[in-house]
Amino acid sequence: MPGQQLPPERQLAKQLNVNRSTVQHAFNELVSRGILERRVGSGTWVNSGKWGVLSQKVDWQSYLTANRLSDPDNYMVRLRQLDGQPQVINLAHSSIGADLALPVEMTALSGNQLVAQERHVNISGADELKEQLIRHLTGYLAQSVTPDQLLITSGAQQAFYLIAQGLLQFGDAIAIEKPSYFYQLSLFQAAGIRVLGIPLGTDGSLDLDELQHLYYRHHLRFLFVNPTGQNPTGQTMPLKARRALIAKCQELKLPIVEDDPLGMNLALTGSSIKTLKSLDPDNVLYIGSLSSLIGANARIGC
């Protein structure tokens, strides 16, 4: 009942005669839905503050409090195992072979100077770069953007990696467009994440009935979508379809990851396209990249 404390995982597993990992997975699932809550130093409780309360916002805190790294078969180990297979190309590295890389001339900075510079850079990205991005993204995303809301990554792939590592766990399910050039597929599969496809219409809209069906059948954790210049179809989702998608995901409390590799280009041109992030700032994680603007060898994403 609401407000009741649950037995410790080990004790409950013994009572039910099941493996402790089964109880952990069940607890994580219920925490992510907001039914249970974990209190540091106090254990796991039935949430007394959420019952009967309807909200259109995703409970991001619940994604962070679940035990995301409980899988004993750490997926980083599996990634290293994949690296040792000659027939496998690991896209998680976000890099090309040394034989294809452009020559880079080193500056006159010493090693000590490079280390000193690195220590003065904000861990979430250089402040000067953030200022430039805010200047271009504020209008494009139709909202004020603060430096604390930006995380500079080594390309968009690292942003997807951080989502897989920090907000997902082994066995979770996510949805993507079908067809989709989802170049992070191997990374998510190596992490034990199930990837399900949502049919894409000829106008660039998603099949929302199928999305809802898969959500309830597999309890989707995220929807990854590339609504502008979708790869490989090149379609751009109409505004009506974007609003319908936002409304459906708010109803399901399903967070969206908006992959927008063309966004930096469009921001510079003063594009009037409404991003999903601009339509729903609270429930959408926005991922952009500078690669399409200044070349693939510049691994800068946000």
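The bend at a residue is the angle between axes fitted to the seven residues ending there and the seven starting there. In this predicted model, helix α6 bends by about 30 degrees at I134. The protein has an average pLDDT of 79, and 72% of the residues score at least 70.

**Confidence**
- Helix α10 (residues 239-252) has the highest confidence, with a mean of 96, while helix α3 (residues 60-65) has the lowest, with a mean of 61.
- The pLDDT is below 50 over residues 68-73; this stretch has 17 contacts in the model beyond near neighbours in sequence.

**Helix α6**
- Helix α6 covers residues 127-140, 14 residues in total.
- From first C-alpha to last, α6 reaches 20 Å, close to the 20 Å expected at 1.5 Å a residue.
- K130, L133, I134, L137 and Y140 are the buried residues of α6.
- An α-helix has 3.6 residues a turn, so residues three or four places apart point the same way.
- After α6 comes A142, which has a positive phi, near 55 degrees.

**Aromatic residues**
- There are four aromatic pairs in the structure.
- One of them is Y215 with Y216, an edge-to-face pair at 5.2 Å centre to centre with 80 degrees between the planes.
- Y215 is buried at a relative accessible area of 12%, whereas Y216 is exposed at 57%.
- F222 and F224 form a tilted pair, because their ring centres are 5.9 Å apart and their planes stand at 55 degrees.
- F222 is buried at 0% relative accessibility, and F224 is buried at 4%.
- F160, F188, F222 and F224 belong to one aromatic cluster.

**A charge over a ring**
- R39 lies over the face of W45, 4.4 Å from the ring centre.

Notes. Residues are numbered from 1 along each chain as its sequence is written. This is a predicted model: local features need pLDDT of at least 70, side-chain atom pairs count only at pLDDT 80 or more; totals for chains, interfaces and linings use all residues. Side-chain values use heavy atoms; hydrogens and water are left out. pLDDT is the predictor's confidence in each residue, from 0 to 100. Helices (H or I, at least four residues) and strands (E, at least two) are DSSP runs, numbered from the N terminus. Contact means heavy atoms within 4.5 Å. The expected span of a helix is 1.5 Å times one less than its number of residues. Buried means under 20% relative accessible area, exposed over 50%, partly exposed in between (1.4 Å probe, protein chains only). Rings of Phe, Tyr and Trp (its six-membered ring) pair if their centres lie within 6.5 Å; planes under 30 degrees apart count as stacked, over 60 as edge-to-face and the rest as tilted. A charge sits over a ring if NZ of Lys or CZ of Arg is within 6 Å of the ring centre and within 35 degrees of the ring normal.
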